[in-house]
Each structure stands twice: as structure tokens, then as C-alpha cells.
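Colleague: Before we discuss this chain, could you put the model up and then take me through its packing, one place at a time?

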Amino acid sequence: MHDVPLWLWMVFAVTVLVSLAVDLLAHRQAHVIGFREAAAWSGVWVGLAVVFGVVVFLVVGTAAGVEYTTAWLLEKSLSVDNLFVFALIFGYFRVPRAYQHRVLFLGVLGALVFRGIFLAAGVAVVSRFTAVLFVFAAILFYSTYKILKEEDDSFDPGKSIAVRLLRKIIPVRDDYAGTHFFVKEAGRRVATPLLAVVAAIEAADLVFAVDSVPAVLAVSSDAFIVYTSNAFAILGLRALYFMLAGLLDRFHYLSTGLALILSFIAVKLILQASHETISTAVPEIPSPLSLAVIATVLAVSVALSMLRPPPEAKALPEPLRSLDGEPAESSSDRPGPTPPTDTQDTAEPPGSK
């Protein structure tokens, strides 16, 4: 564990809160985010993470700085896989591009909370039962197997537990009503598809945490390192998505690269657990080597993706059912989402009787 001063925790908390407030104000009006705007914001988030990393180097020490950098780069690379799922969810629910930032903003808030809970639990468990690292390694190996077998392609946003639970709690209409999550319809409050999208995004992040938490705990078991690196990686997720939207299929070797990274981290976990529970003669993989391996694999994956043309892109699946659970119409007969409006929560939605 590193000796982290309380004021650095406070600086981190203030930085995150101010960043979220600034981002929310900058995007208070729903609009389509283009490549240039997304690239600029992505640069802001990366720069913020790098500056914070420099502070960690100077205040906490070189070892902590290397661990933070490694953990942040690892989380950043794993988050790329999230982008494909976000694209799948947005395509499934036919989310207008102007609404996507608001959904991802709420997804980031949920991710910051859930990751904090999971990471705190993981750090507590690892500090008491080091042998659990073997279990974490098995999880990562299984995730590697799923990626290589492309089993994640079977993900169906409409069948996620969160979306099904939402439909049982409150009726969900088929058409959007601007950026509103609820409207009144026939005298009763109903949810719009935008709320179902948020539920699907949050459910997806819970699934991602199964890989993310064990992976980052292989880099460090310090609560400050693992959470701050996760937080800064999550903060830049929205801008990264909008910057790479439409280009995701070009980086077709990234999945293989992520599989290699997860396998490497799993081996690191096994060696670490064996060193602490079996014999100190078992070597461990140092953080600088981990950083070098992750950076190299990512660079090679991106380079190969750019040099070799991608295979034929796979079409996003059509929704199998409408949002209220009834069989959906064919894509040629099904109406598109309602265009952006200024409908108030208490107003009747467009087209209602």
C-alpha cells in the first residue's frame, strides 16, 4: 500500500466533480458530436489523466506512478471493447445521435459508482485472501476464450436483465420524446426508450467490471491507484466513443490484442498469487514490464488494423422485440424514432391521442 496524503484524495475528488460539471454544461443542449469536437474532448481527458499521473509520480513516488500509468492504460485498452457494445446498444434501440452523449454521461456516473464499490470489495478480499487471485486469473482466461471465440457477439441489449426488469416496473413506449426519460401518456407516466438505453448501458458496465476489476488488481492492490486509474479511463470513454464512431470496424485486430493482454494479466496474477501463497522463489512480473507489454500489444494491434484491410463489417442486429415486449415489425415497416422535440415531462408526447 502506498502512503497517499489525504489532500491528494481531495484533489482527485474535486477534479472529477468539476470535470463532470464542465462536461455537462458544455453539452447541456442535445446535438450531434462530430469528430473534431470528440477529438478535442478526448485530448482534454487524456491530458487530465496524464497530468494527474505526473502528480502521483511526484507526490507518492515512482512505483506508484508506474502502477497508475499501467492501470490507466490497461483500463483504457479494455474500454475500447466497451465501445463496440455501446455501438450495438445504440443501433439496437435506434438512438438518435444527438441523444447519445446524455445517455453515456449517465452511464459514466453509474460506472464511477459501481466501479468504486467493486474495486473496494476486490481490494478488501485480496488483502485478506491472496489465493483469490487464482480465481481472478481463471476469470480473465475465460474472458480471453470468449473474445477469441467471438462469443460476445451474441450480446442482445433487449434481453439484458436490467431492461427486462425496467419493463416490469414501468411501461416503456416505442418512440423517443426528445431527451426526456419519462412522459405522460393517456394520463399515466411511462418511460421513453432513452431510459431503457441507460439501463442497458449500466448493465453492460456491470459485465465489463467482471474483466476490469480482476485485471486492474493484478497491477496494484492499492485503492487509490486502482480507483483513480479507472475513473480517468471512464471519464474519457464518451469522447473516445464519438471520436471512433464509424471507425470501430477498422480496428479489427484490437480484440485479439485485448485477448493477449488479458492472458498476460492472468499469468501475472498466477505468478503473484504463487509468490505470496506457495513460495517466494516464484518470480513476479514487475509493473514496468507490464506497462511495456500492454503498450506494445496495443500499438501492434492498431498498426496491423491500419495496414491490413478489415473483413466485411457485420451488421448490427435488428431489435427482435418492441420495447414493450411485443414482436417487432419488420425494419421496412417499423417507424423511426420521434425527432428531437422540446416536449416537457408533463406534456403529451408527439402523436399521442
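Colleague: Leaving aside its neighbours within four places in sequence, with which residues is Trp 9 in contact?

Modeller: This is a predicted model, in which local features need pLDDT of at least 70 and side-chain atom pairs count only at pLDDT 80 or more, while totals for chains, interfaces and linings use all residues. Residues are numbered from 1 along each chain as its sequence is written, and side-chain values use heavy atoms, with hydrogens and water left out. Taking contact to mean heavy atoms within 4.5 Å, and setting aside neighbours within four places in sequence, the partners of Trp 9 are Val 4, Ala 223 and Phe 224.

Colleague: Is Trp 9 buried, partly exposed or exposed?

Modeller: Trp 9 lies in helix α1, residues 6-26, where helices (H or I, at least four residues) are DSSP runs numbered from the N terminus. Buried means under 20% relative accessible area, exposed over 50% and partly exposed in between, with a 1.4 Å probe and protein chains only. Because its relative accessible area is 31%, Trp 9 counts as partly exposed.

Colleague: What distance separates the end C-alpha atoms of helix α8?

Modeller: The expected span of a helix is 1.5 Å times one less than its number of residues. Helix α8 runs over residues 223-235, so its 13 residues should span 18 Å, and this agrees with the distance between its end C-alpha atoms, 18 Å.

Colleague: Which residue caps the N-terminal end of α8?

Modeller: The backbone nitrogen of Phe 224 has a side-chain oxygen 3.0 Å away. That oxygen, at the N-terminal end of α8, belongs to the capping residue, Asp 222.

Colleague: How many of the 13 residues of α8 are buried?

Modeller: The buried residues of α8 include Phe 224, Asn 230 and Leu 235, and among the elements covering them are α1, α7 (193-219) and α9 (237-244). The helix is mostly covered, and its buried residues number eleven.

Colleague: Are α3 and α11 roughly parallel or roughly antiparallel to each other?

Modeller: Helices α3 and α11 (residues 287-307) pack with their axes 9 Å apart and at an angle of about 30 degrees, the axes being lines fitted to C-alpha atoms over the stretch in contact, and angles running from 0 to 180 degrees between N-to-C directions. Angles under 35 degrees count as roughly parallel, over 145 as roughly antiparallel, 65 to 115 as roughly perpendicular and the rest as oblique. The two helices are therefore roughly parallel.

Colleague: What is the relative accessible area of Ile 294?

Modeller: Ile 294 is found in helix α11 and, neighbours within four places in sequence aside, is in contact with Thr 70, Leu 73, Leu 74, Ile 261 and Ile 265. Its C-alpha atom and that of Ile 265, 29 residues apart along the chain, are separated by 9.3 Å. Ile 294 is buried, with a relative accessible area of 0%.

Colleague: The side chains of Ser 212 and which residue are joined by a polar contact?

Modeller: Ser 212, in helix α7, is buried, with a relative accessible area of 3%. A polar contact is a pair of N or O atoms within 3.5 Å; within protein, one must be able to donate a hydrogen and the other to accept it, and residues adjacent in sequence count only if both atoms are side-chain atoms. At 3.2 Å, the side chain of Ser 212 makes such a contact with that of Arg 115.
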